[in-house]
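Please open the model in your viewer and keep a selection panel at hand.

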Amino acid sequence: IKGDITNAVNNFQKSLGQFNYYKMDYFVCRILILLSQAKMDIGDFSVAKRYLKQARPICIDLNESLMMGKLFVYEAKYFENTENTDAAMQSYNDSIEYFQKGELYRPLIYAIISLAMLQIKKGLLSDAGKLYSKAESIIKRISDPSVSLSININKLYLNSILNKCTLENCK
């Protein structure tokens, strides 16, 4: 896998040069975020942070909901991987705000799930429950069984922690 990611990084970097040359900021932002993701996937967090730092002012200038939401999601993932849970939770909250603003329901749901899982890790179980309820109300706007399943699996996990059921008898 590392070889495949390294190959992808090389291709992204070539594309980045072209998009910079033609001043296509949306794609520059997108590729910088993808580069940060790829670097995190292989454990190179210092380089991932550098790409996120480069992407931030470009994304802010664009102020486009999808790119801002993705920027905050990957900043959150960076913070999670470097064990800065509070910063990760704030970044997930920021991403949720942008995804809601843009009515981008699929990434919104996954940001909510990620934030709720962090809250569970920190023992903020009732906050996580509220997020799952919020996610369930959003799911009604879209018909995507895989997203519904993700919410249900995570709610099941929370309910088992709260001793409302066991994994064998939860609904």
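**First stop: K70**

Select K70, which, leaving aside its neighbours within four places in sequence, is in contact (heavy atoms within 4.5 Å) with R30, I33 and F99. The model is predicted: local features need pLDDT of at least 70 and side-chain atom pairs count only at pLDDT 80 or more, while totals for chains, interfaces and linings use all residues. Residues are numbered from 1 along each chain as its sequence is written, and side-chain values use heavy atoms, with hydrogens and water left out.

K70 is placed in helix 4 (residues 65–81); helices are DSSP runs of H or I with at least four residues, numbered from the N terminus. K70 is buried and has no salt bridge; the nearest side chain of opposite charge, E64, is 9.3 Å away. Buried means under 20% relative accessible area, exposed over 50%, and partly exposed in between (1.4 Å probe, protein chains only). A salt bridge is a side-chain nitrogen of Lys or Arg within 4 Å of a carboxyl oxygen of Asp or Glu. For charge, Lys and Arg count as positive and Asp and Glu as negative, whereas His and the chain ends are not counted.

**Second stop: the disulfide**

Which residues does the disulfide join? Select C29 and C59, whose sulfur atoms are 1.9 Å apart; a disulfide is a pair of cysteine sulfur atoms within 2.5 Å. C29 lies in helix 2 (residues 25–41) and C59 in helix 3 (residues 45–62), so the pair ties together parts that are 30 residues apart in sequence. The link of C29 and C59 is right-handed, with 65° about the S-S bond, and both cysteines are buried.

E75 is buried, at 9% relative accessible area, whereas R56 is partly exposed at 30%.

Next, select D144 and R106, which meet in a salt bridge at 1.8 Å, N to O. D144 is in the loop between helix 7 and helix 8, and R106 is in helix 6, 38 residues apart. D144 counts as buried at 16% relative accessibility, while R106 is partly exposed at 39%.

**Last stop: S146**

From R106, move to S146, which touches R106 and Y110, not counting residues up to four places away in sequence. S146 lies in helix 8 (residues 145–161) and is partly exposed, with a relative accessible area of 36%.

How values were computed. Helices (H or I, at least four residues) and strands (E, at least two) are DSSP runs, numbered from the N terminus.
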